[in-house]
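These are my notebook entries on a multi-chain model. I set down what I looked up, entry by entry.

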Amino acid sequence: MLTQIEGSRAIAETVALCRPEVVCAYPISPQTHIIEAVGVMVKEGRLAPCEFINVESEFAAMSVAIGASAAGARAYTATASQGLLYMMEAVYNAAGLGLPIVMTLANRAIGAPINIWNDHSDAMAVRDSGWIQLFAETNQEAADLHVQAFRLAEELSVPVMVCMDGFILTHAVEGVDLLDQSMVDAYLPPYEPRQILDPDNPVSIGAMVGPEAFQEVRYLAHLRQLDALHRIPVIAEEFFAATGRHSGGLVHSYRTEDADTIVVAMGSVLGTIKDAVDIRRDSGERIGVVGITSFRPFPSLQVREALRHAPQVVVLEKAFSIGHGGVLATDISMALQGTGCVVREVVAGLGGRPITRLSLEKLFYKAARGELGELLFLDLDVEVVDRELARMKAGRRSGPSAENVLRDLGTTRVEGQGR
Amino acid sequence: MTKRPIRFYQVGSFAVGNRLLRDDERTVQSDPHRSNSIDSGHRACQGCGEALGARYALDAAMRATQGQLVAVNATGCLEVFSTPYPETSWRIPWLHSLFGNAPAVATGVSAALRVKGRSDVRVVSQGGDGSTVDIGFGCLSGMFERNDDVLYICYDNEGYMNTGVQRSGATPPAARTATTDAVGPQPGNAFGQGKDLPRIAMAHDIPYVATATVADLHDLEAKVERAMSFRGARYLHVLVPCPLGWGSASNETIHIARLAKETGLFPVFEAEYGTVTSVSKIRRRTPVEEYLKLQKRFAHLFGKNPRPEIVTHLQEIANRNIERYGLLDTADAPLARHATTAEVRS
Amino acid sequence: MNKRPFAITLDVGSSRSNHTGSWRVERPVYVDRLPPCNNACPAGENIQGWLYEAESGNYEAAWHKLVEENPFPAIMGRICFHPCESACNRAQVDEAVGINAVERFLGDYALEHGLRLPSAGEDTAKRVLIVGAGPAGLSAAYHLRRLGHGVRLVDSSAQLGGMMRYGIPAYRLPRAILDAEIARVVDMGVEVVLNHNVADIEVERESGGFDAVFLAVGAQLGKRVNIPAGDSAKILDAVSYLHEVAEENPPLLGRRVVVYGGGDTAMDAARTARRLGATEAVVVYRRNQERMPAHDEEYEQAKVEGITMLWLSTISEVQSDKIVIEKMRLNAEGFPEATGEYEELDADAVVLALGQDTDLSLLSQARDVEVENGSVKVAANLMANAQGVFAGGDAATEDRTATVAVGHGKKAARGIDAFVRGETLEPVAKHELADFAKLNTWYYSDAERTQRPELEKVRRQDNFEEVVLGLTERNALFEARRCMSCGNCFECDNCFGVCPDNAVIKLGDAGKYEFNYDYCKGCGICVKECPCGAIEMVPELI
Amino acid sequence: MFQVRIHGRGGQGVVTAAEILSVAAFDEGRQAQAFPSFGSERTGAPVVSYCRIDDREIRTREPVMAPDAVIVQDVTLINQVDLFSGLSPVGFVLINTSRTFAELGLAELYDRFPRPHLVTCPATEIALEHVGRPLPNAALLGAFASLTQQITLEAVQKAIRDHFAGAVGERNAAAAAAAFDAVVTLEEEFARADTD
């Protein structure tokens with residue numbers, strides 16, 4: 001049913017339709033509304049049977065999910081940013097143990113400086129953990145992806161992380177077509193664990209594996225993710241068949257047929273980019289967009305197919321590897337090896353910096369004229385940076401840059417919703 | 001006391017079994033058909049107290065649950081020596097996740113079992129002192145505070161033995177470890193530090209907290225059984241000497257555990273809902289020196305440059321325990337005949 | 001299930017393919033060590049063995065195990081001075097196990113329940129002459145019959161039992177008990193000849209065609225000392241006195257009786273005198289209490305019964321109604337020295353209890369038999385220098401107790417058996433002693449010794465009713481269970497329980513245990529925690 | 001696309017207002033997107049929320065940079081926040097006050113925006129009267145419907161009733177209706193001033 005609803009609530013409602021049996025909750029913005037709403041449903045008895053566990057940390061949240069999943073329950077949790085990093089060890093562990101946990105990641109920057117707003121640094125930090133990472137463009141897709149995520153996770157026995165932009169999506173109220181229970185039940189069969197802690201059939205899960213087999217274990221995990229590259233489109237297709245809605249999949253192209261420049265991005269910024277692209281198209285520039293839904297496994301072949309005909313690829317991403325550059329851009333470049341495509345990296349929207357249509361239009365204007373450098377920080381306040389650089393030059397140590405920059409900006413107080 | 005002392009039967013109350021006893025008066029360990037939750041072929045050191053403690057506790061839990069048991073294990077010696085691919089020593093369903101999260105993983109298992117309607121299956125979470133009092137402390141406290149239906153068993157060997165004997169929050173004062181070497185004016189671990197986890201556990205007002213050693217099997221098993229009679233969070237702290245880390249002879253493991261109790265250094269008691277309900281009285285009071293001298297980690301207190309004042313300090317700790325828990329039948333019970341009164345100040 | 005993740009998830013039981021036994025440099029092995037009680041028992045009883053049976057309440061089995069070595073449990077349970085208890089390791093924990101009391105319980109139990117000794121062995125056509133029907137002779141007769149040899153038992157007295165009958169008063173050993181246990185032996189087919197003095201052993205042996213002879217003539221001659229005495233002074237020796245009492249023909253001694261000597265016989269004589277009407281019975285002894293040879297129990301009973309002791313005293317003169325006593329003192333070496341101080345003591349009679357001698361006149365023709373210090377000199381198998389002549393009991397030792405004699409009887413029987421078969425008796429190597437250091441006494445429950453009940457003092461004054469009473473079944477069981485089973489597994493399951501590697505196999509049904517050396521890492525905990533020292537570590541051979 | 005920016009203070013229901021507005025538009029068959037200015041929701045702190053209304057799919061995720069309407073829930077923000085930043089030259093201004101623009105020192109707005117687009121509404125007083133609590137957000141949405149005619153009063157009332165269950169919903173809906181009628185235009189303000 002199409003409903004005007006907050007993104008977080010839409011996720012909670014959808015997760016509930018997936019009948020999770022154990023949900024672990026630990027508050028961190030901007031994920032909190034999701035878990036609160038699930039908690040209400042459990043408390044009311046609308047979601048039953050379900051154990052809703054208020055844990056003492058994200059590390060515990062993922063750990064509880066690990067235990068629950070290993071004991072045969074469908075387990076769900078949600079987190080963001082510092083929370084994801086705090087549970088990092090358990091995130092890797094869940095994947096290593098092959099436990100099909102589904103987690104919502106309300107993408108948020110990572111401190112210091114502490115910052116509660118959106119970017120993709122958190123997701124990028126765990127990209128090598130063995131989790132499948134799916135990025136949602138809208139709240140509708142975010143909701144739909146959760147249903148697909150449980151299906152995918154349990155089919156392959158791999159945990160899945162649904163990434164949705166914090167605040168931008170989680171706190172946005174917009175129309176979402178909520179699924180109905182019968183559809184979800186038909187689409188998502190009950191969880192049949194691949195391994196289970198059962199007194200009648202005991203096994204030891206989580207052995208220590210030495211050099212003689214560790215590489216093989218990792219290789220097999222890789223093969224499973226490659227398997228996911230085949231399953232994700234099928235699962236999305238079946239979802240389309242059931243709902244008539246295109247959600248999920250690996251990559252999505254928009255107006256790229258004849259494009260000279262293709263912008264690649266992930267998440268909600270794709271909407272703003274599409275608006276900007278339409279406007280640039282109106283100005284006669286041949287520009288298109290490719291959105292990556294499946295970041296892990298990375299669909300190199302599909303990306304290559306989607307981009308290879310464009311001379312220039314602009315990768316716009318909300319994260320970067322300090323001292324190197326774009327993370328997504330690196331993967332795209334790898335996928336495009338030998339095609340001759342020129343890849344430009346644009347880092348934008350860090351720590352919640354708004355990515356405006358106007359800024360994008362300017363960016364695309366320049367791109368169309370071949371004026372982009374290899375790495376660009378969109379809307380970087382050059383003046384502030386220069387002042388800080390000058391200060392740093394004057395004295396080798398000048399205190400934390402963040403404080404200095406804030407002083408330059410005249411901001412005396414940061415309104416923050418801390419953890 | 002939970003343990004029922006057996007009316008005289010030669011070795012009724014102390015030995016593992018006794019051909020003269022009724023089956024129900026014998027320990028689980030005396031049963032030739034015991035679970036052997038942890039099986040032969042594990043790679044624990046010779047004389048490992050932890051391997052022994054784990055079998056004692058889990059076999060007792062298996063009996064108490066009619067075999068409906070799942071175990072979660074923190075990283076550590078026990079985990080490493082029991083499950084090196086491709087061999088596992090566990091005969092019960094067993095899950096290892098991480099060093100610091102065993103209590104939380106157990107919470108998850110317990111929740112899953114409840115939601116699946118399998119509340120007959122009980123959950124034990126276990127780890128060494130490092131994973132319990134240090135790295136996993138947050139998760140443990142959380143599990144306690146939520147009163148999750150988990151029995152957590154800490155096998156306390158007073159240090160990080162898996163990594164080569166480093167200090168933990170459970171390492172006793174003066175003990176030498178790789179990170180508290182026996183050098184300088186205050187050799188070994190510092191005084192005035194460390195965590196008394198059983199008492200911290202009691203502060204959570206959970207249904208059941210108990211301590212035990214591998215030296216008193218009847219007591220340990222009775223406590224496991226008692227623990228299993230409660231729902232909710234339970235904590236059992238078992239002292240398991242480590243021949244490697246303590247520098248003791250491999251055959252001394254049980255003897256040393258016994259002395260830990262008989263000196264008063266390791267009080268053995270149980271508590272329900274935050275209140276101590278019984279203590280295991282000292283049977284043959286022993287000066288701490290006898291306990292310390294069996295262990296190389298305390299060797300710097302004796303020998304060529306003895307440190308009697310440090311030994312005295314340790315004796316004072318034992319005395320305080322004796323007083324705090326009332327470990328003697330009468331306040332002025334004499335030390336065993338080999339004790340010298342000068343060494344024990346009341 | 002191949003669905004399970006590779007390497008991360010493992011199937012149970014897989015560790016058993018890792019044979020950790022290869023780590024071992026020493027291996028534990030189960031051993032049987034010699035319990036100190038067994039070691040100390042002159043009769044060679046397997047005390048730990050029969051206590052083991054008694055512990056489980058299987059008194060019949062316990063008795064049978066006991067009479068393997070000693071056919072007189074009811075007697076021994078009364079008169080043995082139980083060196084086993086002195087040796088008992090439990091004495092170092094709390095108090096020695098009351099072995100003697102349990103033995104008596106078993107003996108009485110057997111009599112009460114009519115338990116039968118093992119039947120005689122298959123006839124060997126060999127015949128043995130036993131001279132002397134005291135404990136040594138009867139014991140030898142028992143063991144020889146079990147071996148199938150024919151036995152003729154001759155004695156100069158009218159009844160069987162030797163010193164057990166004629167030396168030990170009935171209040172210590174009721175005659176019914178004595179008779180019953182002797183009868184059981186005789187019933188095995190022993191030819192008994194009473195009131196028969198053997199004048200010459202060689203003649204007797206040849207005329208009877210015996211293959212071997214066992215001399216168990218005892219020490220029936222009371223030692224005399226030369227004390228100036230008046231004609232009317234009444235002086236007699238304790239052996240004769242007790243003998244006559246036993247024959248129910250007690251001599252009249254008067255109201256005031258002095259017994260001279262400090263041994264058990266002195267105590268018996270004094271206590272007997274009290275029972276026969278002496279209002280005063282005084283034991284005069286030249287040393288002090290510490291150096292008194294009488295057993296404490298006997299002394300204590302005597303005191304209870306009103307016997308007075310005069311320490312450090314010798315009798316220098318005996319008159320018709322008094323004696324003169326010289327006070328002694330102990331020198332640096334502990335020997336008594338005369339002080340020259342005298343005092344008088346009223347006395348109607350003096351009984352000399354100064355030791356006994358053996359009458360070996362029957363050996364006068366047997367030139368090969370060597371006699372030393374009044375005893376027959378024998379080899380380890382108790383054979384004297386002469387072929388086929390064996391000697392034992394008081395006649396062959398200075399350690400003159402009934403228990404030693406019973407032991408000699410058994411030993412002689414074995415020696416004779418080997419001799420008549422033309423074999424040499426190989427000494428059996430003794431097991432290593434299970435001394436206290438080999439035990440882990442922590443495991444034994446605290447349990448103090450059960451005291452035997454005793455006859456009330458007032459009821460002892462004018463009769464020979466038994467003074468020390470037996471244990472109830474419940475108390476005997478308790479006492480048996482105080483046994484620490486030194487050196488011998490008693491199935492406490494400790495080794496099975498304490499092995500960190502589950503490398504002990506419990507065989508069950510009294511089958512005890514086995515080590516599984518596939519997994520035993522050789523840590524030694526089982527050895528250390530074995531309560532009774534029945535496991536030892538031995539180096540692995542390379 | 002019609003974009004609204006709502007100013008207020010944390011605790012005054014600023015975010016709720018944007019959400020109810022979006023629901024009202026949604027109920028009328030339009031596309032709508034409401035979202036807060038993320039993160040600054042402490043009680044008392046200046047808070048901003050946004051609402052976009054369109055007949056087509058709303059894809060953009062940028063903050064509302066150039067609103068078509070500004071709703072000011074709390075006049076004490078006037079000297080602290082640039083309330084009218086980016087407001088379209090033909091934009092609407094709705095201020096929760098019983099005073100006049102001039103009294104608030106906002107006379108400069110007379111020439112920046114079309115005068116019929118500048119209105120006040122004593123929403124706090126209306127809320128106190130109908131709801132019993134000084135929460136002006138629902139009432140102001142009634143005034144907003146009246147001012148902009150982007151949505152109907154009925155849609156606003158339905159959305160309010162959906163959001164607040166039972167009697168509270170009814171009272172807030174009544175407040176919205178009262179505010180719908182209580183909008184004070186500049187003309188009326190001037191007229192009132194003449195009579196003073």
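**Entry 1. Chains C and B**

I began with the boundary of chain C and chain B, where 43 residues of chain C are in contact with 44 residues of chain B. On the side of chain C that touches chain B, α15, α16 (494-498) and α17 (525-529) of chain C each supply at least two residues. The residues of that side divide into 19 nonpolar, 14 polar and ten charged. For these classes, Ala, Val, Leu, Ile, Met, Phe, Trp, Tyr, Cys and Pro count as nonpolar, Asp, Glu, Lys and Arg as charged, and the others, Gly among them, as polar. Helices (H or I, at least four residues) and strands (E, at least two) are DSSP runs, numbered from the N terminus.

I note the basis of these entries: the model is predicted, local features need pLDDT of at least 70, side-chain atom pairs count only at pLDDT 80 or more, and totals for chains, interfaces and linings use all residues. Residues are numbered from 1 along each chain as its sequence is written, while chains are lettered from A and ligands numbered from 1 in the order in which they are written.

**Entry 2. Helix α6 of chain C**

I next checked the length of α6 (residues 99-113) of chain C: at 1.5 Å a residue its 15 residues should span 21 Å, and its end C-alpha atoms are 21 Å apart, which agrees. The expected span is 1.5 Å times one less than the number of residues.

Is α6(C) enclosed or open? Eleven of its 15 residues are buried, so α6(C) is largely enclosed by the rest of the structure. A residue is buried if 20 or more other C-beta atoms lie within 10 Å of its own, exposed if 12 or fewer, and partly exposed in between, with C-beta atoms placed from the backbone. Among the buried residues are I99(C), F105(C), L106(C) and Y109(C), and also the charged E103(C) and R104(C). The buried residues of α6(C) pack against α1 (36-40), α2 (47-55), α3 (59-67), α4 (73-79), α5 (83-87) and α15 (473-481) of chain C. After α6(C) comes G114(C), with a positive phi near 60 degrees.

**Entry 3. A sheet of chain A**

In chain A I traced an open sheet of six strands in the order β10-β12-β11-β14-β15-β16, with mixed pairing. Two strands pair if DSSP finds at least two bridges between them. At the edges stand β10 (251-254) and β16 (375-377) of chain A, each with a single partner strand, so one side of each is left without a neighbour in the sheet. Neighbouring strands are turned by 20 degrees against each other on average, direction ignored.

Within the sheet, β14 (residues 312-317) and β15 (residues 342-347) of chain A pair in the parallel sense over six bridges. V313(A) has V343(A) as its bridge partner in β15(A). Helix α10 (residues 269-282) of chain A packs on the sheet, touching β10, β11 (261-265), β12 (287-292) and β14 of chain A, and its direction makes about 165 degrees with that of β12(A). Helix α11 (residues 300-307) of chain A lies across β10, β11, β12 and β14 of chain A and runs at about 10 degrees to β10(A). For these angles, axes are lines fitted to C-alpha atoms, for helices over the stretch in contact, and angles run from 0 to 180 degrees between N-to-C directions.

**Entry 4. Chain D and its neighbours**

Chain D has seven helices and seven strands, and buried residues make up 55% of its 196 residues. Which chain does β2(D) pair with? Strand β8 (residues 173-177) of chain A and β2(D) pair in the antiparallel sense over two bridges, with A34(D) as the bridge partner of V173(A).

In all, 22 residues of chain D are in contact with 25 residues of chain A. On this side of chain D, α1 (14-27) and β2 (31-36) of chain D each supply at least two residues, and β2(D) gives the most, with six residues. The side divides into ten nonpolar, six polar and six charged residues.

No contact joins chain B and chain D, whose closest C-alpha atoms lie 28 Å apart. Chain C and chain D do not touch either, with their nearest C-alpha atoms 42 Å apart.

**Entry 5. L83(D)**

Last, I located L83(D) in the loop between β4 (69-72) and β5 (92-96) of chain D. L83(D) counts as buried because it has 21 C-beta neighbours inside 10 Å. Leaving aside neighbours within four places in sequence, L83(D) is in contact with H7(D), V70(D), V72(D), L77(D) and I78(D).

Terms used:
Contact = placed C-beta atoms within 7 Å.
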